[in-house]
Amino acid sequence: MNIRRIWLDRDQVGKQQWSDFLIKADLIPDDQLDYTIGIYDQEKLIGTGSIFRNILKCLAIDTSYQNENLLSKIVQALRERLEEIGYQHYFLYTKPKNSKLFHSLGFTEIAATTELVFMEQGFPDFADYLTELKKQQRMTQNNAAIVMNANPFTNGHLYLVTEAAKWAETVYLFVLSEERSLFDAKTRFELVKEGVSHLSNVVVLPTREYMVSSATFPSYFLKDQAKASIAQVQAVLDATLFKEKIASTLSISARFVGEEPFSEVTEIYNQAMKKTFGSELKLVILPRKKIDEEAISATKVRALMEQGNYTAIKPLVPPKTFEEIMKQKNK
């Protein structure tokens, strides 16, 4: 038996063999992968595993070889690869029936749905993140949450936060930590903080990798290319993690979102939250703020930046965001 890399982008035969193998194992061949390996018995593929960023994905073993300890060999090879790249902390998705196996390989469960278990290994971990949140906790009763990418922070976002702040004693405003946006995470976080600084009951927090991230909800970043069925499963996991672990830690009783006329994936996410939250957590969907009958969106602002139409951007964003946009323009 030997382990070797499968070059999915250039080995069509290898890719087909890998794809058939995953489908047989009841997994969906994922195209968001950086690195894939296979274990072969001569030329027969009998096990595989992949990495995307610091996430282990598409792990499968031929059932007739399941006593051969192949899974731990694959996980070990992928761990070594991750450590070479410099990751000390990594995630894993698996089917509920396999979670015991991964537990024995040192992974800890973060959240589970009927279809997926989300696990991690290494540090800083989810327990550290919850400790970080508790340090910022306010001892209030009626609390709301908002999760946003704010790429960039617009007057539409500000409207959503202002409305939530009228309703709640404390609003926990989570800004995505993921680096997959035009504006980097540090800039987005600062612009949000600056933009809501006049609202004394708003606490701005990072999501790290535990809300709408490549780990919990990769489809979010694919937007139009995302497969609806995959986005649905991931959205339910993300909503479950939020409800069971984050909302309960900060005593959050409502989550505010903007209605979604623009993006199918975000609409899938809103629906998944509604269903997952049930009666325990209120989902408040607010109509978008409009200017001249057109909803304000970060997508619109980025499109205007592309066109170089800065006068049209000005009424759509707070002054600090506009300043940042002009800075980017002059880079």
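I looked up the salt bridges between the two domains: the rule (a side-chain nitrogen of Lys or Arg within 4 Å of a carboxyl oxygen of Asp or Glu) finds two across the interface of domain 1 and domain 2. Lys227 forms a salt bridge with Asp31, and their closest N and O atoms are 3.9 Å apart.

I noted that this is a predicted model, where local features need pLDDT of at least 70, side-chain atom pairs count only at pLDDT 80 or more, and totals for chains, interfaces and linings use all residues. Residues are numbered from 1 along each chain as its sequence is written, and side-chain values use heavy atoms, with hydrogens and water left out.

Next, the domains. An automatic or database assignment sets the bounds: domain 1 is 2-123 and domain 2 is 127-330. I found 19 residues of domain 1 in contact with 21 residues of domain 2 (contact means heavy atoms within 4.5 Å).

Then I turned to strand β8, residues 143-148. Strands are DSSP runs of E, at least two residues, and helices are runs of H or I, at least four, numbered from the N terminus. Six of the six residues of β8 are buried, so the strand is largely enclosed by the rest of the structure (buried is under 20% relative accessible area, with a 1.4 Å probe and protein chains only).

I checked its partners, where pairing needs at least two DSSP bridges between two strands. Six bridges join β8 to the parallel strand β9, residues 170-175. Val147 stands opposite Phe174 in β9. β8 also pairs with β11 (residues 252-258) in the parallel sense, over three bridges. Ala144 has Ala254 as its bridge partner in β11.

Definitions and conventions:
Buried < 20%, exposed > 50% of the residue type's maximum accessible area, 1.4 Å probe, protein only.
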